Amino acid sequence: MPLWKTSKMIHQGAEATVFSGHWMGDKAILKKRNRRSYRHPDLDRRLTRQRLSVEVRVLTKLHSTEIPSPSLFDVDIDEGWIILSEVEGVTLYESLLNGKSDNEQIKKFGGLIRQLHELGISHGDLTTHNVIIRGDEDLTLIDFGLSKISPEIEHLGLDLQVLHECLNASHYEENDAIESMIEGYLSHSSDDFTPSGADVIDRFNSIRGRVRYHA
Ligand SMILES: Nc1ncnc2c1ncn2[C@@H]1O[C@H](COP(=O)(O)OP(=O)(O)O)[C@@H](O)[C@H]1O
Ligand SMILES: [Mg+2]
């Protein structure tokens with residue numbers, strides 16, 4: 001990787017290994033897709049390329065909006081890595097666990113999700129690990145490898161369901177968290193965007209009902 005200097009590994013996930021370091025002197029993050037040996041190599045390569053290219057497309061799209069996102073420094077789709085500017089702060093996950101964040105930030109998160117949806121993008125993996133909070137104000141979304149451009153309403157509802165499950169599993173001590181998320185989502189909904197905020201919440205509620213019924 002030209003122009004890249006590793007400082008340390010910060011995350012070893014199922015799909016990717018993430019390092020912090022510097023790119024041309026700027027604090028940066030290197031995310032390398034892991035090879036999954038249980039997948040056929042061709043399929044594995046195709047999935048890696050697909051996820052990286054959607055991540056690049058979404059980051060590029062976000063860059064011309066007011067939605068905060070990391071800058072794209074470099075990428076090699078075939079080699080399976082991407083270098084982004086480092087967003088300084090802690091994940092919303094950590095911030096909720098150590099009591100620095102509460103429903104106020106979850107409400108803001110709801111608003112940010114709606115802004116993303118109104119750009120015609122679903123996130124695909126909306127857990128509290130994929131949003132970074134700086135101070136107690138700025139929320140920055142990351143990790144767009146499972147995003148969809150021009151999603152169907154089902155994908156928008158699923159974004160909210162993934163977050164709902166994350167809040168229930170990891171942040172159950174935050175009372176009314178999901179209500180705060182919905183409040184933020186609806187308060188950032190503009191009237192002329194289809195599907196409306198209320199329609200997405202309806203879809204989320206029916207997904208919730210489906211999941212409960214089958215559980
Ligand atoms: N641009 C960034 N700035 C700061 N931290 C980041 C950045 N990108 C990723 N991270 C950290 O690395 C973790 C994993 O990165 P992520 O893009 O979510 O990959 P994965 O697909 O493995 O979840 C994040 O939860 C976050 O803690
Ligand atoms: Mg992630």
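**View 1. The two domains of the predicted model.** The C-alpha centres of domain 1 and domain 2 lie 22 Å apart in this predicted model. Domain 1 covers residues 4-85 of the protein chain, and domain 2 covers 90-214. Across the boundary, 13 residues of domain 1 are in contact with 14 residues of domain 2. On the domain 1 side, the touching residues split into seven nonpolar, two polar and four charged.

**View 2. The shell around ligand 1.** Ligand 1 is surrounded by 19 residues. The closest are G13, A16, P70, V87 and D143. Both domains take part: domain 1 (4-85) and domain 2 (90-214) each give at least three residues to the shell. Strand 1 (4-12), strand 2 (16-23) and strand 3 (26-33) also feature, each supplying at least two shell residues. Sorted by class, the shell holds nine nonpolar, six polar and four charged residues.

View 3. Five strands form an open sheet in the order 1-2-3-5-4, and the pairing is antiparallel. Strand 1 and strand 4 are the edge strands, each pairing on one side only. From one strand to the next, the twist averages 20 degrees. Helix 1 packs on this sheet and touches strand 3, strand 4 and strand 5. The direction of helix 1 makes about 160 degrees with that of strand 4.

**View 4. Strand 5 and its two partners.** On one side, strand 3 and strand 5 run antiparallel and are joined by five bridges. A28 has S85 of strand 5 as its bridge partner. Strand 5 (residues 81-85) is also joined to strand 4 (residues 72-76), here by four bridges, and this pair runs antiparallel too. V75 stands opposite I82 of strand 5. Strand 4 and strand 5 make a hairpin, with four residues between them. In the turn, G80 has a positive phi of about 80 degrees.

View 5. Strand 6 is joined by two bridges to strand 8 (residues 131-134), and the two run antiparallel. Here T91 stands opposite I132 of strand 8.

**View 6. R36 in its loop.** R36 sits in the loop between strand 3 and helix 1 (41-63).

**View 7. E179 in helix 5.** E179 belongs to helix 5 (residues 177-187). E179 is partly exposed because 13 other C-beta atoms lie within 10 Å. E179 and N103 are 76 residues apart along the chain. Their C-alpha atoms are separated by 9.0 Å.

Conventions: Residues are numbered from 1 along each chain as its sequence is written. Chains are lettered from A and ligands numbered from 1 in the order in which they are written. This is a predicted model: local features need pLDDT of at least 70, side-chain atom pairs count only at pLDDT 80 or more; totals for chains, interfaces and linings use all residues. Two strands pair if DSSP finds at least two bridges between them. Domain bounds come from an automatic or database domain assignment. Two residues are in contact if their C-beta atoms, placed from the backbone, lie within 7 Å. Ala, Val, Leu, Ile, Met, Phe, Trp, Tyr, Cys and Pro count as nonpolar, Asp, Glu, Lys and Arg as charged, and the others, Gly among them, as polar. A residue is near a molecule or strand if its C-beta atom, placed from the backbone, lies within 6 Å of it. A residue is buried if 20 or more other C-beta atoms lie within 10 Å of its own, exposed if 12 or fewer, and partly exposed in between; C-beta atoms are placed from the backbone. Axes are lines fitted to C-alpha atoms, for helices over the stretch in contact, and angles run from 0 to 180 degrees between N-to-C directions.
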